[in-house]
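User: I would like to learn how to read the interfaces in this model. Please take me through them step by step.

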Amino acid sequence: MNSDSHPAYLAHHFTDIVQQRDSAKLGMWIFIMTEILLFGGLFTAYTVYRVLNPDMFYNAHKHLDITLGTINTIVLITSSVTMALAIRSMQFARKKATLIFLLGTLALAAAFLVIKYFEYSHKIHLGQLPGRFYTFSGIEGTNPHIFFSIYFTMTGLHALHIIGGMIVISLMIFRTARNHFSSEYYTPLELTGLYWHLVDLIWIYLFPLLYLIG
Amino acid sequence: MDTTGTLLMPPASSTIAGDVDALFYLILYISIFFFVLVVGAALIFTLKYRRKGEAAVESQVDHSLKLEIVWTVVPVIIVVILFVLGFTVFMKMNIVPKDAIEIKVTAQRWLWTFDYPGGSNSVNELVVPAGKPIKLLMSSTDVIHSFFVPDFRVKMDVLPNRYSTAWFTAPDPGEHNLMCAEYCGKGHSEMLARVKVVSDREYTEWLQKGSGPPEGMSLEKYGEGLFTSRRCVTCHSVDGSVNVGPSFLELFGHQVYFKGGGQTVADENYIRESMLDPEAKIVDGFDPVMPTYQGILNDREIDALIVYIKSLGNQREH
Amino acid sequence: MNTIPERNFLNHPTGLKSWLLTLDHKRIGVMYLVGISVAFLLGGIFAVLIRLELLNPARDIMGAQTYNQIFTLHGAIMIFLFIIPGIPVALGNIVLPLLLGAKDVAFPRLNLASWYIYVVGAIMAIVAIFTGSVDTGWTFYTPYSTGTGGSVVLMTLAVFVLGFSSIFTGLNFVVTIHKLRAPGLTWFRLPLFVWGIYATAIIQILATPILGITLVLLILERVVGIGIFDPAMGGDPVLFQHFFWFYSHPAVYIMILPGMGIISELIPVFSHKRIFGYRAIAYSSFGIAFISFLVWGHHMFISGQSPLASMIFSFLTFMVAIPSGVKVFNWTATMYKGSISLETPMLYALSFLFLFTIGGLTGLFLGTLATDVHLTDTYFVVAHFHYVMMGGTVMAFLGGLHYWWPKIWGRMYNEFWAKISTALVFIGFNVTFLTQFVLGTKGMPRRYYSYLDQFQPLHFYSTVGSWILALGFVIMAIYLIRSIFNGKPAGDNPWGAATLEWTTTSPPPTENFAETPVVTHGPYDFEAAGVKPTFSR
C-alpha cells in the first residue's frame with residue numbers, strides 16, 4: 001500500500017490525487033470525442049441530403065422560428081457561463097455560490113427545453129413531422145419531409161443529451177450540498193462542465209445549419 | 001453440370017472472363033509463394049531450433065532496418081502492381097461498348113424479368129445473341145438484389161428506384177446460370193434463371209416470335225411449361241403441398257375462401273384476375289406477396305396456364 | 001513456488017455479492033470470460049445448424065425462413081457478443097493492469113458498468129431471438145431491414161447498448177495505459193499486447209459511435225419512417241451501407257489487433273528470444289488502426305458506388321495489408337535461432353501464422369477490383385473472413401487463454417488433451433473453410449438456403465469439418481473446466497516469461513502486486529529478467 005492516510009476522495013488504485021485527476025480528465029475528453037463522432041454521423045447525413053436537395057432545404061428552413069432559435073442559443077451559451085462560474089466558485093471553496101450557479105445552469109437548461117417544446121408542438125400542429133407522418137403542404141421542393149426528419153433527429157438527440165446533462169447537474173447539486181467537494185477536489189464538477197460545454201458547442205453548430213441556411 | 005472450367009473457376013464464357021481469370025491465378029501464385037515462404041520458414045525454424053535444454057539462445061539480434069525496408073517495399077510494389085492490373089480490367093468492365101444491345105432487367109422478390117428492344121419480354125430467361133456486346137440496364141421493384149452470372153464473371157447490385165449497369169459479350173452459344181447475389185429474403189436462393197446465348201439468327205427469330213407455343217404443342221402442355229419457365233412453381237405446387245402460395249391441385253372448380261371473408265368458385269375469371277391483379281383477393285391463410293404478371297404474360301400465355309390449371313382441378317379420386 | 005496462495009483474488013472475498021459488485025478488474029474479466037464463452041457456444045450451435053441444413057440442397061432440418069434467421073443470429077451473436085468484446089474484455093481486463101504493474105484499470109466502476117451493459121445487451125439480443133427473431137443478415141441492409149418483420153428494432157437496440165460497453169472498455173484501457181504504468185515502464189518497454197490493446201481502443205472509441213448513429217437511424221426508419229434510406233421517399237439505401245461499413249470495417253481491426261498482440265507475446269516467450277522488430281510491430285498496430293478508417297468502400301465495389309470511389313478504396317485496401325504483412329514477417333523472424341517449445345499456446349500461435357496468412361492473402365483477391373466482382377457475395381468471402389476472424393482472432397484468443405490460464409486459476413490444464421483439442425480445431429477448421437474458397441470461386445453465392453447440385457460434395461466436406469471443429473471445442477471445454485478444480489498448481493512463472501504478470505503469484509492477490517514493481521528491462525529481455533527457458537515436458 002502506498003500512503004497510510006489519503007483523502008477519502010483518492011481511489012486506492014491511484015498513487016496520488018494528480019494521477020487521479022489527470023486520468024479523469026483524459027477519460028472525459030475521450031468520451032467527448034465519441035459524442036462528437038456520434039453527432040458527426042448525423043451531420044454527414046445532413047450534408048448528403050442538403051447537397052442533394054439544396055432548394056428544398058432552403059424553403060423548408062424558413063418555417064423554423066429564428067427568434068426562438070436565437071433565444072435558445074443565448075440561453076445555452078449563458079448556461080455554459082454559469083457552469084464555468086460554478087466550477088470557479090468551488091475553486092475558491094464558495095459552496096453557496098457554486099450551488100447558485102449550478103441551479104442557474106439547470107434552470108437555463110430547463111428553459112431551453114421549454115422553448116424547444118413550443119417549437120415542437122407548433123410543428124406537430126402543422127403536420128411538419130418526420131418521414132411518413134409529414135402532412136404539411138406549404139413547402140416547395142421534392143420530399144420536404146427529409147428536412148424535418150433530419151431536424152427532429154438532430155435536435156431530438158441533442159435534447160436527450162440536455163436531459164442527460166440536467167440529471168448529472170442535479171447530481172452535482174446534491175453532492176455539493178453534501179460537502180463532497182472542496183477547493184482541493186472538484187473533479188466531477190470539472191467533468192460535468194466539459195460535458196455541458198460540448199452540449200452547448202453542438203447546438204452552436206446545429207443552429208446555423210438548421211436555422212440560418214442561406 | 002459443371003464439367004468444364006479450370007480447377008477453381010467456372011467455364012470462362014465472356015470476353016472479360018479470361019482477363020479476370022488470369023489476374024486471379026496471378027494472385028493465387030503470388031499468395032502461394034508467400035504462404036510457402038512464411039509457413040515454410042516457421043516450420044523449418046520450429047524443427048531446427050527445438051528447445052533442447054536450459055541453454056540461452058544463440059542469437060539476440062532483434063531488429064534490422066534493412067529487413068523491415070525490404071519486406072515493406074517489396075510487398076508494396078507487388079500490391080501496387082495488383083492494384084493497377086485490377087483497376088485496368090475493372091475499367092474494361094465499366095466502359096460499355098457504344099454499339100451494345102440494351103436489355104432492361106427488373107429484379108423482384110423472387111424472379112427476374114427481361115425487356116428486350118422491340119417490346120418482347122421474358123421471365124427468368126435472358127436470351128442474347130452470341131458475339132455481341134449486351135448492356136443491361138437494371139433496377140429492382142423492392143429490395144436490393146444482385147445480378148450474378150459466374151460464367152461471365154459479371155456481378156452488379158440491382159437497386160430500387162435507380163438504374164445500375166453491367167455489360168458482357170458472350171462469344172459462344174450456350175446456357176449459363178444467373179443467380180441473385182444479394183440477400184433478399186425467403187426466396188433468395190430460388191432466384192435462379194438462365195442466360196441463353198444463341199446465334200444471331202435465333203435471337204432475331206426469338207424477338208419476333210415474342211413468345212408462344214412451339215408448333216404442334218397443345219395449349220395444356222404449353223401452360224405446363226410456362227408454369228415452370230414463368231416461375232409459378234417458385235411459390236405454387238401441383239401436388240397439394242402448401243408453399244408461399246396455394247397449391248394448384250384441386251383448385252379449379254372448387255371453393256376458395258378469402259381473407260376478411262368472402263369466397264368464390266375458382267373459375268377462368270378468378271384465375272385470370274389472380275395473375276393480373278393478385279392483390280385484389282387474398283386467399284385466407286396466405287400473405288399478399290404475389291407479384292403481378294401484368295405485362296409479363298400475354299393473353300395466349302394466360303389462356304395456356306388456365307388450361308393447365310384446369311387440368312389439375314379434379315385429380316383426386318373421391 | 002508451486003503452491004496456490006491461500007488468499008488470492010478468486011477466493012477472497014467470498015460470496016455472490018462480492019463478485020457481482022466487484023471492482024477488481026480480474027473478477028470482472030472472469031465474468032466477461034464466462035459471458036463470451038456462452039456467446040461462443042450459442043453462436044457455435046447456430047453454425048452447426050447452418051452446416052447441417054447445407055448438407056443437401058433440399059430441406060434438411062429447417063425451412064428457408066428459419067435458415068435466414070439462423071445465419072443472421074450466428075453472425076450477430078458471434079460478432080457483437082463474442083469477437084468484438086472478445087480478447088479485450090476477457091483477457092485484456094484480467095491481464096492489462098498486471099502487464100503495466102498497476103493495481104487496477106483507471107476507472108474500476110466504469111469497468112463493472114461495462115460488464116453490466118454487456119449483460120443487458122446480451123439479454124436484449126436473446127429476447128429478440130425469441131420475440132420474432134431477425135432475418136436481415138448481421139449487416140441489416142436497407143431497404144430489406146426497414147420492411148421485414150421480426151424484432152429488428154429490439155436486436156438493433158441490443159447492439160446499440162453493446163456498443164457502449166465497447167466504447168467504455170476502450171476508454172478505460174487508453175487512460176489506464178497512459179496514466180497507470182509502473183515506474184520504469186516506458187512506452188517502448190511495454191509488452192506488445194498493450195500496444196495492440198491501445199490501437200484497438202482507439203478504434204473502439206472513434207468508430208463505435210458511428211455504428212450507434214447508424215442503428216438509431218435504422219430504428220427511426222422502421223418506427224417513424226423518416227425515409228432516410230427509403231428510395232420511395234427520396235432516401236438512399238446505399239447510404240446505409242456507407243454508414244454501416246464506416247464502423248464495421250474498422251470493427252474487424254478491433255477483432256484482429258488484440259489477437260496480433262497476443263501472438264507478439266507468445267512467440268518470443270516460446271522461442272525464448274526477444275521479439276524481432278519491436279518498433280515495427282508497435283507502429284504497424286497504429287498504422288493499421290489509422291488506415292482501417294479509410295477502406296470501408298471495399299465492401300461496396302458493386303453496390304452502385306462510382307468506379308472512381310471503388311478505385312480509391314481498392315488502393316487504400318492494399319495499403320492496409322502491408323502492416324499486417326510486416327507483422328507476420330517479424331514474428332517468423334523472431335523464431336530464427338530461438339529456443340522453441342511446442343506447448344499449447346505456441347501451437348495456437350503457429351496455427352495463427354498458418355491460418356491468418358491464408359486469410360490475409362485471400363484478402364488480396366477481394367481488394368483487387370476485377371476479381372472482387374466475381375468473388376464478392378460468394379462463399380469466397382465467407383471463407384476469407386472466417387480464416388481471419390476464426391483462424392486469426394480465435395486462434396490467438398485460444399493461445400492467450402491457454403497462456404494466461406495458469407496465471408488466472410493458479411492451475412495447469414492437461415497438456416495431452418490440450419494438444420489433441422488443438423489438432424482437432426486446426427484440422428476441423430481447415431476442412432470446414434478451405435472447401436468454401438472453391439465453392440466461392442465456382443460461383444456459389446452466400447446466404448443461400450438451397451444450392452445447385454454441383455456444389456453438394458464440397459458442402460458435405462465443409463459440414464463434416466464443422467463436426468470435427470465442434471468436437472475439438474467440446475474436449476477443450478472439458479479439460480479447461482476440470483483444470484480449475486483438479487489442475488496441477490502452476491507456480492508464478494510456468495512459461496519462463498519476462499513480463500510483469502509473471503512476477504506475482506498465480507492466482508494474483510486482489511491488489512495484484514505485494515509491492516509496486518519497478519521496471520528495468522524490456523518485456524522480452526529474458527536474460528535481464530533472469531528467466532531461464534522452462535524445460536520440463
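**Reading the chain interfaces**

Analyst: Start with salt bridges, meaning a side-chain nitrogen of Lys or Arg within 4 Å of a carboxyl oxygen of Asp or Glu. Between chain C and chain B there are 2 salt bridges. In one of them, C:Asp236 pairs with B:Arg162, with the closest N and O atoms 3.8 Å apart. This is a predicted model, in which local features need pLDDT of at least 70, side-chain atom pairs count only at pLDDT 80 or more, and totals for chains, interfaces and linings use all residues. Side-chain values use heavy atoms, without hydrogens and water, residues are numbered from 1 along each chain as its sequence is written, and chains are lettered from A and ligands numbered from 1 in the order in which they are written.

User: How many residue pairs are in polar contact between chain C and chain B?

Analyst: A polar contact is a pair of N or O atoms within 3.5 Å; within protein, one must be able to donate a hydrogen and the other to accept it, and residues adjacent in sequence count only if both atoms are side-chain atoms. Between chain C and chain B, 25 residue pairs meet this rule, both at pLDDT 80 or more.

User: Which element gives the most to the side of chain C that touches chain B?

Analyst: Helices (H or I, at least four residues) and strands (E, at least two) are DSSP runs, numbered from the N terminus. On the side of chain C that touches chain B, α3 (64-83), α9 (237-271), α10 (278-292), α11 (307-335), α12 (344-367), α13 (369-375) and α15 (415-441) of chain C each supply at least two residues. α11(C) gives the most, with 15 residues. By class, this side has 49 nonpolar, 29 polar and 12 charged residues. Here Ala, Val, Leu, Ile, Met, Phe, Trp, Tyr, Cys and Pro count as nonpolar, Asp, Glu, Lys and Arg as charged, and the others, Gly among them, as polar.

User: What area do chain C and chain B bury between them?

Analyst: Interface size is often given as the accessible area lost when the parts come together. Buried area is that loss (1.4 Å probe), summed over both parts. For chain C and chain B it is about 7600 Å², with 69% on carbon and sulfur atoms. The contact (heavy atoms within 4.5 Å) takes 90 residues from chain C and 84 residues from chain B.

User: Where is C:Leu369, and is it buried or exposed?

Analyst: Buried means under 20% relative accessible area, exposed over 50%, partly exposed in between (1.4 Å probe, protein chains only). C:Leu369 lies in helix α13 of chain C. It counts as buried because its relative accessibility is 0%.

User: What does the contact between chain C and chain A take from each chain?

Analyst: That contact takes 35 residues from chain C and 33 residues from chain A. The buried area is about 2800 Å², and carbon and sulfur atoms give 73% of it. There is 1 salt bridge. In it, C:Lys179 meets A:Asp22 at 4.0 Å, N to O. The side of chain C that touches chain A draws two or more residues from each of α7 (152-179), α8 (192-223) and α9 of chain C. α8(C) has the largest share, 10 residues. That side divides into 24 nonpolar, 6 polar and 5 charged residues.

Definitions and conventions: Buried area = accessible area lost by both parts, 1.4 Å probe.
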